[in-house]
Amino acid sequence: MSYGFRRAVAGIGLLLLTVFCGCGRAEADPEVDRALRTEAAHCFGEVALAYRSPGRAEVRDASGAAVGFILYSASTEEMAQGFRGPVPAAVFCDADGKILHVTLLPNREDTSYLAKVAANGLAEEWCGFDAARAAELPVDTVTGATYSSRAAIESVRTLLLRHNRN
């Protein structure tokens, strides 16, 4: 199973969470925050997350230098509907905007369908591309997990399109 679509687990402890409050708090939901920190540690190592706006977190190394950013589903409007409800996603990019990792955030989809999605390498479809190109990629749904994979694809595209507009 691809790491990108496994459910994130809490307790990794490698990360310091730094929340910057510019125009108001932009923190992620606690369950989403745990998932983002776990995945960020996998992608970047020991880093800090700075939530700058809902749906975006900057990733900084120990010296405070920006090493990347995370786009994540911050509202149900940005989450496509799977078979059992909204399917939030997160896209991890390096400082140049190249996609390093894509994952689904905690959701209510059946784990057997998510396993099919992972086994088919859906998360890797976007890796290596910048957000503008990745949003245009033709990505096929996974047979036997159509609702879940369609929701994952739509949620990721929504994040990429939001990023491209800003």
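I looked up the largest nonpolar core first: of its 28 residues, Val91, Ile99, Val102, Leu122, Trp126, Val156 and Leu160 touch the most other members. I took a nonpolar core as a set of buried Ala, Val, Leu, Ile, Met, Phe, Trp, Tyr and Cys residues joined through side-chain atoms within 4.5 Å. Buried means under 20% relative accessible area, exposed over 50%, and partly exposed in between (1.4 Å probe, protein chains only). Strand 4, strand 7 (89-94), strand 8 (99-104), helix 2 (111-119), helix 3 (131-136) and helix 4 (146-165) each supply at least two residues of this core. Helices (H or I, at least four residues) and strands (E, at least two) are DSSP runs, numbered from the N terminus. Helix 4 gives the most, with 6 residues. I also found another core lying apart from this one; it has 16 residues, including Ala35, Leu36, Leu49 and Phe92.

The model is predicted: local features need pLDDT of at least 70 and side-chain atom pairs count only at pLDDT 80 or more, while totals for chains, interfaces and linings use all residues. Residues are numbered from 1 along each chain as its sequence is written, and side-chain values use heavy atoms, with hydrogens and water left out.

**Phe69**

I placed phenylalanine 69 in strand 4 (residues 66-72). Phenylalanine 69 is buried, at a relative accessible area of 7%. Leaving out residues up to four places away in sequence, I listed its contacts (heavy atoms within 4.5 Å): Arg56, Ala57, Glu58, Val59, Val91, Phe92, Cys93, Asp94, Gly97 and His163. For glycine 97, I noted a separation from phenylalanine 69 of 28 residues in sequence and 7.9 Å in space, C-alpha to C-alpha.

**Cysteines**

I counted 0 disulfides, a disulfide being a pair of cysteine sulfur atoms within 2.5 Å. Cysteine 93 is in none; the nearest cysteine sulfur, that of cysteine 127, is 9.3 Å away. Cysteine 93 is buried, with a relative accessible area of 0%. For cysteine 127, the closest cysteine sulfur is in cysteine 43, at 8.3 Å, which is too far for a bond. Cysteine 127 is partly exposed, at 29% relative accessibility.

**Helix 2**

I found Leu114, Val117 and Ala118 to be the buried residues of helix 2. Down the helix axis they fall within an arc of 100°, so they line one face of helix 2; the arc is that of the directions from the axis to the C-beta atoms. Strand 8 and helix 4 are among the elements covering these buried residues. Just after helix 2, I noted a positive phi of about 70° at glycine 121.
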